[in-house]
Amino acid sequence: MSSYQFDIFGNSIPIEETSKNIKHGGRITKKSLFRSINGYKSGFYCKNCKYFRELRYNRKYFKCEKLGITSSEATDIRKNDIACNLYR
Ligand code: SF4
């Protein structure tokens with residue numbers, strides 16, 4: 001049975017397909033490396049995790065304590081990201 005990740009338009013993408021997006025311009029992003037290590041917990045979302053943080057400056061930013069809270073967009077997550085296996 002395959003697991004799915006939803007994109008911003010609500011389309012489901014098999015998890016195997018998302019691994020194709022690990023490299024961006026020859027670099028591995030911090031978020032994609034974190035996700036490839038910690039996997040996906042189907043049926044759970046980051047917005048319900050105790051490590052999820054919503055920061056407000058000029059706009060809202062969504063961060064994960066486990067991924068790291070920095071001012072870089074490399075550590076931005078989305079509310080509706082499928083949770084990883086560190087989910088609590
Ligand atoms: S589910 Fe994983 S990536 Fe999402 S907020 Fe929790 S620890 Fe971070």
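## Strands 5 and 6

In this predicted model, strand 5 (residues 52-56) pairs with strand 6 (residues 60-64) in the antiparallel sense, and five bridges join them. The two strands form a hairpin, with three residues between them. Within this pairing, leucine 55 has tyrosine 61 of strand 6 as its bridge partner.

## Phenylalanine 52

Phenylalanine 52 belongs to strand 5. Is phenylalanine 52 buried or exposed? Phenylalanine 52 is buried, because 20 other C-beta atoms lie within 10 Å, and 20 is the number at which a residue counts as buried.

Apart from neighbours within four places in sequence, the contacts of phenylalanine 52 are Cys46, Lys47, Phe62 and Cys64. Lysine 66 is 14 residues from phenylalanine 52 in sequence, and their C-alpha atoms are 8.7 Å apart in space.

## Nonpolar core

The largest nonpolar core has nine residues in all. Phe52 is one of them, and the others are Cys46, Cys49, Cys64, Leu67, Ile77, Ile82, Ala83 and Cys84.

Cysteine 84, a member of this core, is in contact with Arg35, Asn38, Gly39, Tyr40 and Lys41 when its neighbours within four places in sequence are left aside.

## Ligand surroundings

Which residues surround the ligand? They are Cys46, Cys49, Tyr51, Phe52, Cys64, Lys66, Leu67, Ile77, Ala83, Cys84, Leu86 and Tyr87. By class, this shell has 11 nonpolar residues, one charged residue and no polar ones.

Definitions and conventions. Residues numbered from 1 in each chain as written. Predicted model: local features only at pLDDT ≥ 70, side-chain atom pairs only at ≥ 80, totals over all residues. Near = placed C-beta within 6 Å. Nonpolar A, V, L, I, M, F, W, Y, C, P; charged D, E, K, R; others polar. Core = buried A, V, L, I, M, F, W, Y, C linked by C-beta atoms within 7 Å. Buried ≥ 20, exposed ≤ 12 C-beta atoms within 10 Å, placed from the backbone. Contact = placed C-beta atoms within 7 Å. Pairing = 2+ DSSP bridges. Helix = DSSP H or I, 4+ residues; strand = E, 2+ residues; numbered from the N terminus.
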